[in-house]
Amino acid sequence: MPPVKIIEAGRPGFGTAIGRALRGRCPNCGRGQLLASYLRQVDHCAACGERYADIHSDDIAPWLTILAVGLVGTPVVVAVERQVDWPAWLPMTVWPLAALALALLTLPRAKAAIIATIWFTRSPGSEPS
Ligand SMILES: [Zn+2]
């Protein structure tokens, strides 16, 4: 069985596709929007017509967000808490708000990156329902 050829003429490389998706742009052309709203992806790119309606990222983006917030947030919290002596109410306010902000910033970018990865590998993940 011959190896699957992923890189095709006219298609961007994986890094380019991910970079475009992280900026909320179409992984194919980089001009059209990838997300129509905070988390809802477009059916197709308005600029190049690339179809995204069949790509289902499912629960991967929330899991990546949890992983990213935990991996980034926990060392920061531990490092700051060792250095700073502040009143108890302050970290109980700051850390949850910081974690929420980081999660809200990460979630759409994680979804866009997953969509770009699925698009790039041409594995839409459609399962029989
Ligand atoms: Zn496009």
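**Exercise 1. The zinc site**

Task: Find which protein atoms are the donors of the zinc ion, and determine the geometry they make.

Solution. The model is predicted. Start at the metal: the protein donors of the zinc ion are the SG atoms of C26, C29, C45 and C48, at 2.2 to 2.3 Å from it. Then take the angles. For four tetrahedral donors the ideal angle is 109.5 degrees. Around the zinc ion, the 4 donor atoms subtend angles of 108 to 113 degrees. Four donors count as tetrahedral if all angles lie between 85 and 135 degrees, so the arrangement at the zinc ion is tetrahedral.

The cut-off for buried is under 20% relative accessible area. C26 has 0% and is therefore buried. C29, with 17%, is buried as well.

**Exercise 2. The overall layout**

Task: Describe the secondary structure of the protein and state what share of its residues is buried.

Solution. Count the elements: there are 3 helices and 0 strands. Read along the sequence, they give the pattern α-α-α. Of the 129 residues in the protein, 30% are buried. For the contacts with a separation of 6 or more, 53% come from residues 24 or more positions apart.

**Exercise 3. One face of α1**

Task: Which residues of α1 are buried, and how are they placed around the helix axis?

Solution. List the buried residues in α1: A17, I18, R20 and A21. Now look down the axis of α1. The buried residues fall within an arc of 160 degrees, so they line one face of the helix. Finally, follow the chain onward from the helix, where α1 is followed by G24, with a positive phi near 80 degrees.

**Exercise 4. Aromatic rings**

Task: How many aromatic pairs does the whole structure hold, and how are W86 and W95 arranged?

Solution. A search of the whole structure gives 2 aromatic pairs. One of them is formed by W86 and W95, with 5.9 Å between the centres and 65 degrees between the planes. Planes over 60 degrees apart count as edge-to-face, and the W86 and W95 pair is of that kind. W86 has 21% relative accessibility and counts as partly exposed. Another ring has a charge over its face: R11 lies over W119, 4.1 Å from the ring centre.

**Exercise 5. L104 and V69**

Task: Compare the separation of L104 and V69 in sequence with that in space.

Solution. First place L104, which is in helix α3. At 45% relative accessibility, L104 counts as partly exposed. L104 and V69 are 35 residues apart in sequence, and their C-alpha atoms are 9.9 Å apart in space.

Terms used
Residues numbered from 1 in each chain as written. Predicted model: local features only at pLDDT ≥ 70, side-chain atom pairs only at ≥ 80, totals over all residues. Heavy atoms only, no water. Donors = N, O, S within 2.8 Å, 3.2 Å for Na, K, Ca; no water. Tetrahedral: all angles 85-135°; square planar, octahedral: opposite > 155°, others 65-115°. Buried < 20%, exposed > 50% of the residue type's maximum accessible area, 1.4 Å probe, protein only. Helix = DSSP H or I, 4+ residues; strand = E, 2+ residues; numbered from the N terminus. Arc of directions from axis to C-beta. Phe/Tyr/Trp six-rings, centres within 6.5 Å; stacked < 30°, edge-to-face > 60°. Lys NZ or Arg CZ within 6 Å of the ring centre and 35° of its normal. Contact = heavy atoms within 4.5 Å.
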